[in-house]
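Hi everyone, thanks for coming.

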Amino acid sequence: MSYRNNPTAVQALVRPAEVHKDLFIDEEIFALEMEHLFANTWVYVGHGSQVPNAGDFITTTIGDQPVIMVRHTDKTVRVLHNRCPHKGVMVAGDTCGNTGKFFRCPYHAWTFKTDGALLSIPLKKGYDSAVLQQCEASHGMAPVENVRDYRDFIFCRLNPEGLSFEEFFGESLSTIDNMVDRSPEGRLEVAGGVLRYLHDCNWKMLVDNQTDTCHPMVAHESSAGTAVRVWEDAPEGTPKPMAVEQFAPFISPYEFFEGMGIRVWENGHGHTGVHNSIHAAYSSVPGYMEAMVAAYGEERAHQILADTRHNTIYFPNIMVKGPIQTLRLFKPLAANRTLVESWTFRLVGAPDLLLERTLMYNRLINAPTSVVGHDDHEVYQRSQRGLHSRGRDWVNVARLYEPTEPERKNEAVNGTSEWQMRNQYQAWARFTTASMKEHA
Ligand code: FES
Ligand SMILES: [Fe+2]
């Protein structure tokens, strides 16, 4: 059976409390995700601080689409399809840089302004201008029209039609707000580089895992559990290392994660850590509260820092950790291959120790060399292989399912609920089929 032009068949892959294995292993489904899901949703592109000056750019992908995010001469951030209108070459080849006032294609040196407009062609007189004017190429590099800069987080929607940015994200933007508000100056900067980690699994396994609160005490027993046991043998009075402080909550008992809470929002977004989180008990950083109180006043400063959000999923493919200032981007490469990028931020105006804590967390948990990351990668790889088994066809997400869920968004529930996973898969079915045509 083909899923192409068959939205009914695609929707049938998502049931209230289980999803079909084809979501993870089927090549045609992957192609449909690239064509529809990643075009119909607002997808994260990058952070404004990566391109502070006019001409600064990064290259990245939206689904399978190569794009350039660039600071235009008018200081706004633009997103261009990374494709020369002449013969199709990807104009920008580096992951980041400064292109000056224009991009120059490496094949025949056509040049383009940083908003994509065609600037010049060598030996221009060889083109009858009236004919070139009728060609698509005269329009230059294609800009993405729907780009939104939200507090320096840049998102875009490739399809011209669809939900507005506000409709799509709604209340979920409060997580980005809280992360930015944690800076006494209300500003974040990407800092400390990026950790890239290739995973041999479908991208949705990683998204699913971010709110899977029943796995840490099992899958991470060998890594975080060992770190804690070694620490327990340390001589009395040894100061607790930052690394142990970060590892230890991973092996908290089920009751801890139950009490943490989960909340879901419309369109596949949601977060863990409503009442408590694995980041809540870190020791305080000297000078930070004072800087926050000076910036926001006593009451507001405490309110900002009391927010214990753990992992927030911005559907389809990022996870934001406000209290530790990280963003993870799950880039789909193939049905069984995903590039995971883990980005870290400096809270502008806050003590350097906070960035140090952020970077340590990222290295400990998200780096390709992380012992915790390997635990997860191992089970993803085994899932990717196991799902080819003909023994069973469905993946289960029934934990604490309630039939009234669809009407009850924005409500905190038991933190071991798989409600957010169900929320993601429902959104997956909706946005993957939203622009599909029914077979004639
Ligand atoms: S392909 Fe870009 S200038 Fe020819
Ligand atoms: Fe994990």
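Let's start with helix 15, residues 371–386: at 1.5 Å a residue its 16 residues should span 22 Å, and the end C-alpha atoms are 23 Å apart, which agrees. The expected span here is 1.5 Å times one less than the number of residues. Helices (H or I, at least four residues) and strands (E, at least two) are DSSP runs, numbered from the N terminus.

A quick word on the source: this is a predicted model, where local features need pLDDT of at least 70, side-chain atom pairs count only at pLDDT 80 or more, and totals for chains, interfaces and linings use all residues. Residues are numbered from 1 along each chain as its sequence is written, chains are lettered from A and ligands numbered from 1 in the order in which they are written, and side-chain values use heavy atoms, without hydrogens and water.

Back to helix 15. Which of its residues are buried? They are Val372, Gly373, Asp375, Asp376, His377, Tyr380 and Gln384, where buried means under 20% relative accessible area (1.4 Å probe, protein chains only). Among the elements covering them are helix 2 (22–25), helix 7 (203–209) and helix 14 (352–366). At the helix start, a side-chain oxygen of Ser370 comes to within 3.0 Å of the backbone nitrogen of Val372.

Three strands make an open, antiparallel sheet in the order 2-11-10; strands count as paired if DSSP finds at least two bridges between them. Strand 2 (43–47) and strand 10 (146–150) are at the edges with a single partner strand each, so one side of each has no neighbour in the sheet. Five antiparallel bridges link strand 10 with strand 11 (residues 153–157), and Asp149 has Ile154 in strand 11 as its bridge partner. Helix 6 (residues 173–181) packs on this sheet, touching strand 10 and strand 11; contact means heavy atoms within 4.5 Å.

The other sheet is open and antiparallel too, with eight strands in the order 12-18-17-16-15-14-13-20. Its edges are strand 12 and strand 20 (412–413), each with a single partner strand, so one side of each is left without a neighbour in the sheet. Strand 13 (residues 262–264) and strand 14 (residues 270–272) run antiparallel, joined by three bridges, and Val264 has Gly270 in strand 14 as its bridge partner.

How values were computed
Buried < 20%, exposed > 50% of the residue type's maximum accessible area, 1.4 Å probe, protein only. Polar contact = N/O pair within 3.5 Å; in protein donor to acceptor, adjacent residues only side chain to side chain. Axes fitted to C-alpha atoms, helices over the stretch in contact; angles between N-to-C directions.
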